[in-house]
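Please look over the following structure before reading the notes on it. The briefing is arranged by topic and is meant to be read beside the coordinates.

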Amino acid sequence: MAREMMCITCPIGCRLTVEVDASGSIRVTGNGCARGVVYAEAEMRSPKRVVTFSVRAAASSRAAGSTMVPCKTKEAFPKERIPELIEELRKLRTELPIKTGDPLLRDALGTGIDVVATMSVD
Amino acid sequence: MTELSFDAAVVGGGAAGMSAALAVSAAGFSCAIVERDERLGGVLGQCIHNGFGLIEFKEELTGPEFAERFAQRIAGSGVKVLSGATVLSLDATATPKVLVCASPGLGMARIRARAVILAMGCRERNRGNVRIPGDRPAGVFTAGLAQRLVNMDGYLPGKEAVIIGSGDIGLIMARRLSWSGCAVKSVVEILPYPSGLPRNVAQCLDDFGIPLRLSCATTRILGDGRVSGVEIAPLDNGAPDMSRAERIDCDTVLLSVGLVPENELSRQAGIELNPMTGGALVDARLMTCAEGVFACGNALHVHDLVDYAAEEARRAGSFAAAWLSGERAAPGPRIKAGANVRYVAPSRAEPGRRNLIYFRPLVLRPEAVLELRLEGELVSSVKKKHVRPAEMMSVSVDPAGWGARALSGESVLEIAIP
Amino acid sequence: MREYDVAVIGAGVCGANVAHRLSAYRLKTVILEKEADVSFGTSKANSGIIHGGFHHPIATLKARLELAGALMFDRLRRELDFPYRRCGIVVAAFNDEEMKGIERLYAQGKENGVMGLEACSRERILELEPKLHYDVVGGMYAPTGGIVEPYRFVFALIESALRNGVELRTGFGLARAERSGDAWTLYPESGEGVRARFAVNAAGLFADEVSRAFGAEDFDIAGRKGEYYLLDRMTRARPKRVVFPVPTRISKGMLVIPTVENTVLIGPTATEAESKRDLSTDQASLDTILDSARRMVPSVSANDVISSFAGLRPVLEHWRGDPGRAPLKDDFYIDLSAEVPALVQVAGIQSPGLTASPAIGEMVKDLLKRAGLELTERADHDGRVEPHRRMREASFEEADALIADDPRFGNVVCRCEKVSEAEIVEAVRLGHTTLDGVKFFTRAQMGRCQGGFCAYRIIKIIMRETGLPWEAVTKRGPGSAALGGEL
């Protein structure tokens, strides 16, 4: 069984062909570098994505327009659980000031992955 | 009026402006950045997705992180930052040159600078530019405006969106809206291929099952008070086939139909622009037709990656510093876009060094060969693994060994994909 | 219920002129406007021209009011703050047949008493307007013609009227009018009504419905659509004067108009609208506009287009009242109602309505007097509107003083049109609380980026200044929400 996929690791966007043989081992072709193989293997077993979002600051004033703090998952997050994560992030209110890299949500959904701020906001 | 004086002034404090200013400052010249916003970073602040910095920092960063790293370098340099200041005019003929800007803190300020670097970035093409007829309801946004509203202000543009055009900002917004409770019903692209990067098609559309309708024109935007839908029709021989037109219901339209370098200031200053890019025409040292005025980043031509914009701006800053030291470019061939090349930037090469020339192909082709012809004669050919219109590419040009013709300043070097 | 002497229904250019004129007298006047802001109908989307007085025969009411109205603009400009310039009009002919049309126009203009009208040779017309296509064979020049920003004219008239005691109610769509005692009671679709002894129907496209609500004359108003393209101020196609083709029987044709704010408008088309709310543009019409404009001014380029829009001219048709009182075909209908008391009808005000509007205000005042309204001049009347301070019109020194006075002048919100935060705050405080209202008052969002950079900033300023929640910020009133939700 062969599957075509686009490698999203870098902007080049290699078109990968991934073949899985009867034993379950994976063969990747079309990759420009080793990261393509890593991506393809993850994509076949448990696809993950880095999630970037923005979280409302607790002190935001509705009339003046709110202050949002951009954030990201510190590493790629299990794709099928992203909707749950988004729900958490939409509910979250963060205190200010905050520095880039500060955790907004530790061990998100028990995955061991932190969500961290990507901007310093006073 | 406030009076200020520097060796160099940079207009715009985005990635390009910061990068250029750092290079000027590193060469020992005094330098100021004039930035409209309160914060440095320009549009990077609203580009909260990742994919930045792979070249510049060898790691994947989000837009705000990329901006912050540069802003920290600026803070540690001698560069003066004038924030909240909008440049209203540039006199490029005066010596020194004069920028006038308005700011709540300084009032009107007159900045005298021997060299000026234009790094104003770009703006989005809008509905009027692409001439989509129909009604004029609320709910039509450029993708970047929607990005700003969602990421920085926490507002959603609507509940059901159609995205017109498949530029990267539109693709990124498709994912952002899908994650944020606004359904994206379709991305409609008039060209036969997507305008954005392939990986953005994969991770922003395919991941969410959003259909990408290629070779499809948007023939009307519909709605009385607020958008109620769009009418699209597939192209048949370049014209919309109205017999196959269909309506997609939605309350929001996002336009991701290209970017144009922001050059109102350059035009006002009488700087000659390249009609193909909308940016200034620059020589091998990224200097415009006005002596001592340089251009870089998205104000020069629209880059795919901020890393390239920062790299180009760093060179612009170094060239400006060299110019301040009295160095002048040696005459070299004019560079022209040939077959299947939309544009080249810069428009001149200089002998005696390697010139990095950016270009954008007009064709999608694997295993392409790039031909460089000086006065019609093939002087170099470069193999490229692929060329595609969605991707800006570069080629290194060194006129050494091309004979006296390459040194005249009258000769023409054509870059083509035959 | 509040009581007034006069209720003016409609805050377009006619209603605004009527209210402005009445504000000089000791009267209680109210303007009732169905939309969220003034000038949101026909008056916001038209050619913005002070016509030359040669297009219509003097037998028509519109020609007489056009001639009288055109003469009143210079005085109004001295009192009010609105962009206006008497730049002149050229009519360009491209063949012998069109030259015959020029002769007819010239003769009509002379008969109408237009001053300064000049028949032009090819050389003369090219000298007057060098942007014309070299195929031009001759034409006519009307130096009295000019250009005006129509919505800004309305804003200024309304501002002057409000300063002199006139009241304005927006969002008041007339549902019902009842006569009791010696006054009308006017009810909106929802909310409290008003009582007024006299009423003026200046409801533009909806004058037919308003007339029926009063039980007055029965006629229809149809929308005749005019589509336009707006060109960037950087265009090379900007003429010095308004360029007209030789008119046909149906229309004055498509024009190339240099606006007072230095952009260029090309159009309009003339097609029947599907409904009175149909402001859609159409690809074929827009292509026609470009072709027609290029025929006269070849440097017009599609690359310079920053926006397209459409406006509707209110055309009176299907007069079902007394045939003896029927207005001439395609003419204005301005008269006391013959069916009901104390109602002045101002209907069918298509081109040259903007030019005629100051004279319409005068005529309506006279009609009200004839109907029994007593007019006593107010001793304390001061119609002047101080010029609004605008960054783009200020010299650097003046701009410096503006910022010293209010630092918000230094915050340039709309970079294309150089509009500062202070100007947007002023617009909002004067009641222009929609995105379009701010746009028409300040020009923010009207430039080449069409709000791409500044719309979010304007939304936030509107929220801050009015205290409105995000749900209530609209493009142009109810049903046109600017935003769709919160994250």
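The model is a predicted one, and every value given below is computed from it. Chain C and chain B bury about 4300 Å² between them, with six salt bridges counted between the two chains, while chain A holds an open sheet of five strands.

**Interface of chain C and chain B**

- The contact draws 53 residues from chain C and 48 residues from chain B, and of the roughly stated total of about 4300 Å² that the two chains bury, 53% lies on carbon and sulfur atoms.
- On the side of chain C, the residues that lose the most area to chain B are F396(C), Y456(C) and L487(C), which together account for 15% of what that side buries.
- Across this interface there are 25 residue pairs in polar contact, counted with both residues at pLDDT 80 or more.
- The count of salt bridges between chain C and chain B is six, and in one that joins D153(B) to K460(C) the side chains meet with an N to O distance of 2.7 Å.
- Two or more residues on the side of chain C that touches chain B come from each of the helices α8 (283-296), α10 (396-405) and α13 (455-466), and likewise from the strands β18 (305-317) and β23 (485-486) of chain C.
- Sorted by class, that side of chain C has 25 nonpolar residues, alongside 14 polar and 14 charged ones.

**Strand pairing between the chains**

- Strand β11 (residues 155-156) of chain B and β23(C) run antiparallel and are joined by two bridges, and within β23(C) the residue that partners Y155(B) in a bridge is E486(C).

**The sheet in chain A**

- The five strands of the open sheet follow the order β8-β5-β6-β10-β9 (chain A), with mixed pairing; β8 (93-94) and β9 (103-105) of chain A stand at its edges with a single partner strand each, so one side of each has no neighbour in the sheet.
- Strand β5 (residues 52-57) of chain A pairs with β8(A) in the parallel sense over two bridges, and R56(A) has R93(A) of β8(A) as its bridge partner.

**Aromatic pairs**

- Over all chains, a search of the whole structure finds 20 aromatic pairs; in the pair of F40(C) and F440(C) the ring centres are 6.3 Å apart and the planes stand at 70°, so this pair is edge-to-face.
- Because F40(C) lies in the loop between β2 (29-32) and β3 (49-50) of chain C and F440(C) in helix α12 (residues 435-442) of chain C, the pair ties together parts that are 400 residues apart in sequence.

Methods: Residues are numbered from 1 along each chain as its sequence is written. Chains are lettered from A and ligands numbered from 1 in the order in which they are written. Side-chain values use heavy atoms; hydrogens and water are left out. Two strands pair if DSSP finds at least two bridges between them. Helices (H or I, at least four residues) and strands (E, at least two) are DSSP runs, numbered from the N terminus. Contact means heavy atoms within 4.5 Å. Buried area is the accessible area (1.4 Å probe) that two parts lose on being put together, summed over both. A salt bridge is a side-chain nitrogen of Lys or Arg within 4 Å of a carboxyl oxygen of Asp or Glu. A polar contact is a pair of N or O atoms within 3.5 Å; within protein, one must be able to donate a hydrogen and the other to accept it, and residues adjacent in sequence count only if both atoms are side-chain atoms. Ala, Val, Leu, Ile, Met, Phe, Trp, Tyr, Cys and Pro count as nonpolar, Asp, Glu, Lys and Arg as charged, and the others, Gly among them, as polar. Rings of Phe, Tyr and Trp (its six-membered ring) pair if their centres lie within 6.5 Å; planes under 30 degrees apart count as stacked, over 60 as edge-to-face and the rest as tilted.
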